[in-house]
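Here are my notes on the structure you sent over. Keep the viewer open while you read, and turn to each spot as it comes up.

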Amino acid sequence: MARQLRPVGPDFIETAPVRLVFARDVTASPDAVFRALAEDVPGWTEWFSAVTRARPTEAGGGREIRLRGGIRFQETVLVATAPEVYAYRVDVTNAPGARALVEEWRLTPAGTGTRVQWTFATDGPAPFRLALKLGRAGLGRTFRDAVTALDRRLTSTKV
C-alpha cells in the first residue's frame, strides 16, 4: 500500500537521523555524470541494476522509480544544479518504514574525472533505522556497482 512521506527539503541531507554516505571516483566528467543522473532518467535502468523502471514526471520536476522486488517511489526533484548536485525527495512509496527520505548525488572534479558522492538520508521508527544501519554494506555495494556501471556506460558511449 502506498504511503505519503513527510515532505522535507534539501537541508534534510544534513539533519536526517540516518545518513549513509558513499563515494567513488569515476573517469567520466562531472557534466556527463550529471546529465546521466538528471537528464536521462530512463537510462537509470541501464546502469543501476536495482532500478527496473525510471521515468521523469511533472516536466522533469519529479520522477517515478520502480525497484526490483516491487518497491515504488514517486519523487520530487529538490536540487538540479549542473554539474554539482542532483537531489530528490521520496513523496510516496510502498516501502515499509520510511517517514522521510532524500537522496543527494554530489559531483566534484577529481583529476580528469569525477568524485561521485551519494547520500541516503532518511527517518523512520527505531527498527527501520537499525535495519538501514545494518544494511549499510549492502547499500554501499549497490552504489559501487551502479557507479562503476555508469562510468563504463559513459566512457564507452561518450555521452
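1. Start with R19 and E14, which form a salt bridge whose closest N and O atoms sit 3.8 Å apart. Keep in mind that this is a predicted model. How open to the outside are the two partners? R19 has a relative accessibility of 33%, so it counts as partly exposed. E14 comes out at 57%, and because anything over 50% is called exposed, E14 gets that label.

2. Now for R63 and E75. What is the distance between the closest N and O atoms of this salt bridge? For R63 and E75 the value is 2.5 Å. Here the link runs between two strands, with R63 in β4 and E75 in β5, twelve residues apart. Both R63 and E75 are buried.

3. Stay on strand β4, which covers residues 62-67, and find E64. Is E64 buried or exposed? Its relative accessibility is 8%, and the limit for buried is under 20%, so E64 counts as buried. The side chain of E64 makes a polar contact with the side chain of R53, at 3.2 Å.

4. Who else does E64 touch? If you skip its neighbours within four places in sequence, E64 is in contact with R53, A54, R55, T57, F73 and Q74. For the overall tally, a search of the whole structure turns up eleven salt bridges.

5. Let's move on to empty space. Rolling a probe the size of a water molecule over the atoms shows where such space is left. In this model, the largest pocket holds about 570 Å³. Its lining is made up of 26 residues, and those nearest the centre are L67, F73, E103, F120 and L139. Several elements give two or more residues to that lining: β4, β5 (72-81), β6 (85-93), β7 (100-110), β8 (113-123), α4 (126-134) and α5 (136-157).

6. What sort of residues line the largest pocket? The lining divides into 18 nonpolar residues, four polar ones and four charged ones.

7. Finally, look at P96, in the loop between β6 and β7. With a relative accessible area of 63%, P96 is exposed. Which residues does P96 touch, not counting those up to four places away in sequence? P96 touches R3 and F128. R3 is 93 residues from P96 along the chain, yet their C-alpha atoms are separated by 8.6 Å.

Note on methods. Residues numbered from 1 in each chain as written. Predicted model: local features only at pLDDT ≥ 70, side-chain atom pairs only at ≥ 80, totals over all residues. Heavy atoms only, no water. Helix = DSSP H or I, 4+ residues; strand = E, 2+ residues; numbered from the N terminus. Buried < 20%, exposed > 50% of the residue type's maximum accessible area, 1.4 Å probe, protein only. Polar contact = N/O pair within 3.5 Å; in protein donor to acceptor, adjacent residues only side chain to side chain. Contact = heavy atoms within 4.5 Å. 1 Å grid on protein atoms, 1.4 Å probe; cavity = no way out; pocket = protein on both sides within 12 Å on 5 of 7 lines; lining within 4 Å. Points joined across faces, edges and corners; volume = space filled by probe spheres on them. Nonpolar A, V, L, I, M, F, W, Y, C, P; charged D, E, K, R; others polar. Salt bridge = Lys/Arg side-chain N within 4 Å of Asp/Glu carboxyl O.
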